[in-house]
Amino acid sequence: MKDDFLNRTFRHWSMWPCLAFLLVLSVYPVLQLVPMALSTIKITGEGTFWTYSPRRNLDLLLGDAVLRDAVVNTLVFVVLSVAIEMVLGFFAALFIACMPRGRNFARTVMILPILLPAVAIGSMWKLMFNYDFGLFNQMVGVIGLDPINWLGDTRWALLSVVIVDVWHWTPFVFLILFASIETLPQDVLEAGRVDGATAWQMISLIILPLLGPALAVAALFRAIVAFKAFDQVYLLTSGGPGTSTELLSLHLNRVFFEQNQLGYGAMLSLTIIAVIVATLAVGKWSASQIERKRMGQ
Amino acid sequence: MIPLHGRAAWIGYGVVALAILFIVGPTAWIFLNSIKYQIAIYSGAWVFEPTLDNYIDVLFSRRSDLVHNLWNSFVVAGLSTVAVLVVGSLGAYGVHRWFRSRLFAKLLMGWVLIFHMIPVITLVGPWYLFFQSLGLYNTLLALVLTHITINLPMTMWIMLTYFNEVPTELREAATIDGCGDFTTFRRIILPLVGPGLVSSGILSFVFSWNEFAIALNLTARDTATVPVAIARFAQQFEIQHAQMAASSMIAIVPALLLMVFGQRFIVRGLTTGAVK
């Protein structure tokens with residue numbers, strides 16, 4: 001038989017390609033960050049020169065004034081955009097699930113922003129936010145207020161970036177919550193209605209508790225992606241004005257490729273990865289603690 | 001869910017219509033701007049004479065390389081999608097079939113999760129040095145390889161879910177009938193997880209087409225992809241609003257087509273794992 005050799009060996013090689021990619025292009029680069037973080041790297045026409053200088057990179061890390069702004073901005077950005085998206089996404093899912101007709105059409109339209117290139121979204125909203133002719137200032141003008149410098153004013157820039165993220169990712173929250181609302185047990189909802197629950201009671205006492213796991217998953221997924229946000233913000237403000245929209249990813253990109261500090265950039269990357277791994281470990285540990293408590297009862 | 005009736009239904013329709021307007025409005029407004037002359041954009045006009053000049057300019061003028069960028073994006077997204085489907089489904093099948101409860105699989109999937117959570121920029125620095133030392137900097141191959149890697153976690157998760165749904169009896173029946181491991185995978189399992197392959201294929205293509213952070217730093221002028229080209233319109237000394245709008249509209253065409261023809265698979269892929 002032709003496949004005989006493949007058949008006999010399949011269990012041994014089926015993982016190889018995937019292991020090769022993960023080892024060479026994800027594990028190795030992360031390990032590579034360690035020697036990079038201990039060095040100063042100069043790239044010239046003749047080649048790449050490494051100098052051992054751990055203290056310098058550590059001093060840069062501790063003395064990085066922009067880094068503090070970047071951490072604060074990232075936290076504000078993640079919390080604010082995920083919170084708004086969860087609320088809007090939940091109500092969109094609820095209303096669309098309650099529609100007698102047109103649910104499929106609504107869902108098709110809603111997935112549009114998820115699929116668009118973030119760079120295109122950034123450039124679209126850059127036009128929308130334009131001070132002189134953008135749609136937002138046209139609307140503000142209709143109400144009779146003074147035009148707002150959405151992307152150029154330190155008070156508004158981060159909020160504008162959040163608005164774009166809400167447009168981009170509310171549909172994702174909607175999709176996950178919509179899928180689980182559709183599978184809610186009908187008899188429980190029916191029982192609630194027969195017992196005369198008001199709409200608000202239906203939502204807060206029946207639907208929200210049943211959606212608990214889906215809400216947690218949606219929030220978690222969103223927090224992960226929001227934490228990594230880069231593309232749109234790079235297009236919209238590039239971190240400005242000043243440092244008012246400088247997110248961690250943007251700061252890292254600047255250190256790596258605009259200031260050409262590959263060594264310090266690696267130090268910063270390792271710090272970020274360490275924080276992520278620690279967060280994961282704590283999250284996993286507390287989840288298992290909660291589980292154990294529940295089992296003990 | 002309980003469908004609304006009477007007046008409540010009309011209020012519901014109103015809310016849903018607003019939501020759809022919120023989603024479609026910006027895209028439609030940008031489309032309108034992409035068919036305006038520059039002067040009409042700057043005056044914020046709502047009544048204007050439509051023109052295709054902006055599209056002709058970004059596609060065919062000397063200053064722009066968009067046709068070339070589109071080709072690059074297409075090659076990178078296509079190749080990396082095919083490769084990630086092969087690599088990802090083989091790997092997920094290995095985990096599913098032989099390593100399910102072993103420490104090795106736990107470590108592997110744990111690493112995949114961590115890798116997915118790390119901002120990609122943290123790895124672009126080492127990738128830059130790595131590809132430079134191999135002489136692959138500023139090649140489409142480097143972009144293809146990195147895109148395979150970043151799409152691998154999602155593909156493996158989706159395919160694992162689908163493999164777990166295939167009844168074990170089918171595989172056992174095939175083995176009893178004399179099918180070897182690879183033949184079983186090829187002839188029995190793969191056809192059954194077809195929808196999973198379509199879901200992860202569509203999403204991998206879209207994410208590779210949209211990817212910006214890596215392409216920005218690993219490519220130069222002749223290997224730039226569409227997102228990099230759009231960013232260039234937005235970052236030049238004088239922002240080219242008309243060109244930005246037109247090139248953005250061109251860049252979203254694949255997404256629009258896939259949304260219309262593949263929405264069932266996209267929804268399934270995006271919600272896999274989350275619903276259970």
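Student: Is A:Ser39 buried or exposed?
Tutor: Keep in mind that we're looking at a predicted model. A:Ser39 sits in strand S1 (residues 39-44) of chain A. A residue counts as buried if 20 or more other C-beta atoms lie within 10 Å of its own. A:Ser39 has 21 such atoms within 10 Å, so this serine is buried.

Student: Which residues does A:Ser39 touch, not counting residues up to four places away in sequence?
Tutor: Take A:Arg55 for scale: 16 residues separate it from A:Ser39 in sequence, and the C-alpha atoms are 9.2 Å apart. For touching, C-beta atoms have to lie within 7 Å. On that basis, the partners of A:Ser39 are A:Trp50, A:Thr51, A:Tyr52, A:Ser53 and A:Gly263.

Student: Which helix of chain A gives the most to the side that touches chain B?
Tutor: The contact draws 85 residues from chain A and 81 residues from chain B. Chain A's side splits into 63 nonpolar, 13 polar and nine charged residues. With 10 residues, the top contributor there is helix H2 (residues 16-37).

Student: And where does the largest share of the largest nonpolar core come from?
Tutor: That core has 159 residues, and A:Phe178 is one of those touching the most other members, along with B:Val124 and others. Leaving aside neighbours within four places in sequence, A:Phe178 contacts A:Ala93, A:Ile96, A:Ala97 and A:Arg107. The largest share of the core is 17 residues, and they come from chain A's helix H9 (residues 157-182).

Student: What separates the centres of domain 1 and domain 2 of chain A?
Tutor: The assignment puts domain 1 at 1-31 and domain 2 at 67-245. Taken over C-alpha atoms, the separation of their centres is 40 Å.

Conventions: Residues are numbered from 1 along each chain as its sequence is written. Chains are lettered from A and ligands numbered from 1 in the order in which they are written. This is a predicted model: local features need pLDDT of at least 70, side-chain atom pairs count only at pLDDT 80 or more; totals for chains, interfaces and linings use all residues. Two residues are in contact if their C-beta atoms, placed from the backbone, lie within 7 Å. Helices (H or I, at least four residues) and strands (E, at least two) are DSSP runs, numbered from the N terminus. Ala, Val, Leu, Ile, Met, Phe, Trp, Tyr, Cys and Pro count as nonpolar, Asp, Glu, Lys and Arg as charged, and the others, Gly among them, as polar. Domain bounds come from an automatic or database domain assignment. A nonpolar core is a set of buried Ala, Val, Leu, Ile, Met, Phe, Trp, Tyr and Cys residues joined through C-beta atoms within 7 Å. A residue is buried if 20 or more other C-beta atoms lie within 10 Å of its own, exposed if 12 or fewer, and partly exposed in between; C-beta atoms are placed from the backbone.
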